[in-house]
Amino acid sequence: MARSDSEHSLREHARRNGLSLTRLSNAATVLKYAPHLAEQVRVGALGLDIAYDAAREKKDRAAAVLAQHERLREHAPDLAEQVVEGLIYLDDATATLDQRQEEERLRQQVTHADAIRLADGDATPPLAQLAEHGDITWHQAHQSAEEFLARRQDAIYQTQRALQRIAENWTAVQDLAARPDTAYAREVVEDLLPEDRALAQRLISLG
C-alpha cells in the first residue's frame, strides 16, 4: 500500500527495503485484484498466500473475460456491440460466435468436397447448395461430404492396387500379345469367365 504512489519499481522497493520480490509482487496482486482483502492481510487477519490465491483467481477470470471481449471485437463486432449495450450476455455472445465459426468451418469443408465431386464429373446437386436452401443441415452436409471423401479415397486406393497388379503381370499380357493366335493363347483364355475373357482379349490387343 505504501509504495502504490511511488515511481520506483517493485524490484527497486524490494532491494531498498530488504523484502522478497515474490512476496511484494504477490501483495501488489492482492491490492490490485482483491483490494477488499488487502486490509485483512495488512492487520494480520488473513494470510498473504490465501489472499493471493483469491486475487489470482479473480485476475484469471478478468483476463478470460477480456479475452472473450477481444475475440468478439475481432470476429463479431456486432455481437461485441450488443454486449456493451447490455442487449446480450457475454457468454451468450461467445456461444453465438462459436456457432458461427463452426458453421463456417463446415461450410468450407463441404464446399471443398463439392469442388472435388464436380471435378470428378459428379452432376448431383452440391451439398452446400442443399444446406443453404435448408434441405439439410450443415452438419448433415458435412457428414455426407466426409463419407464421400472416405469412399473416394478407398476407391482410389483399390484402383491403384488393381493397376499395380496389372503392371506386375504385364509381361504375361505381352507374352500373349506376341502370339495371339496360337494354341497356347487360346488355352490361356478359353477357361476364363466371359467378362474376364473379354478383358484379356482387350489387354492382349493392347500389349
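# Salt bridges, core and pocket: a quick chat

Colleague: Let's start with Asp98: what relative accessible area does Asp98 have?

Modeller: Bear in mind that this is a predicted model, in which local features need pLDDT of at least 70 and side-chain atom pairs count only at pLDDT 80 or more, while totals for chains, interfaces and linings use all residues. Residues are numbered from 1 along each chain as its sequence is written, and side-chain values use heavy atoms, with hydrogens and water left out. Buried means under 20% relative accessible area and exposed over 50%, with partly exposed in between (1.4 Å probe, protein chains only). Asp98 falls in the partly exposed class, at 37%.

Colleague: Which residue meets the side chain of Asp98 in a salt bridge?

Modeller: A salt bridge here is a side-chain nitrogen of Lys or Arg within 4 Å of a carboxyl oxygen of Asp or Glu. For Asp98 the N to O distance is 2.6 Å, and the pair links distant parts of the chain, 27 residues apart. Asp98 sits in helix H6 (residues 90–119) and its partner in helix H4; helices (H or I, at least four residues) and strands (E, at least two) are DSSP runs, numbered from the N terminus. The partner is partly exposed at 26% relative accessibility, and it's Arg71.

Colleague: Which residue pairs with Arg100, and in which helix is that partner?

Modeller: Arg100 forms a salt bridge with Asp78, the closest N and O atoms being 2.8 Å apart. Arg100 lies in H6, and 22 residues separate the two. Arg100 is partly exposed at 38% relative accessibility, and Asp78 is partly exposed too, at 35%. So you want Asp78, in helix H5 (residues 77–84).

Colleague: Why does the salt bridge of Arg23 tie together separate parts of the chain, and how far apart in sequence are they?

Modeller: Arg23 pairs with Asp49, with the closest N and O atoms 2.6 Å apart. Arg23 is in helix H2 (residues 21–33) and Asp49 in helix H4 (residues 48–75), so the bridge joins parts of the chain separated in sequence. Both ends are partly exposed, Arg23 at 38% and Asp49 at 46%. The separation in sequence is 26 residues.

Colleague: How many salt bridges turn up in the whole structure?

Modeller: The search covers the whole structure, and the Arg23 to Asp49 pair is one that meets the definition. The total comes to 14.

Colleague: What does Ala128 touch, leaving aside its neighbours within four places in sequence?

Modeller: Ala128 is one of the core residues. Contact means heavy atoms within 4.5 Å. On that basis, the partners are Val110, Thr111, Asp114 and Trp138.

Colleague: What volume does the second largest pocket have?

Modeller: On a 1 Å grid over the protein atoms alone, a pocket is an open set of points where a 1.4 Å probe fits, with protein on both sides within 12 Å along at least five of seven lines, and lining residues have an atom within 4 Å of a point. Grid points are joined across faces, edges and corners, and the volume is the space filled by probe spheres set on the points. That gives about 270 Å³.

Colleague: Which helix gives the largest share of the lining of the second largest pocket?

Modeller: H8, helix H9 (170–178) and helix H11 (194–206) each supply at least two residues of the lining. By class, the lining has ten nonpolar, one polar and two charged residues, where Ala, Val, Leu, Ile, Met, Phe, Trp, Tyr, Cys and Pro count as nonpolar, Asp, Glu, Lys and Arg as charged, and the others, Gly among them, as polar. The largest share, five residues, comes from H11.

Colleague: How far is Leu199 from Thr94 in space, C-alpha to C-alpha?

Modeller: Leu199 is found in helix H11 and is partly exposed at 40% relative accessibility. Leu199 and Thr94 are 105 residues apart in sequence, and their C-alpha separation is 61 Å.

Definitions and conventions:
A nonpolar core is a set of buried Ala, Val, Leu, Ile, Met, Phe, Trp, Tyr and Cys residues joined through side-chain atoms within 4.5 Å.
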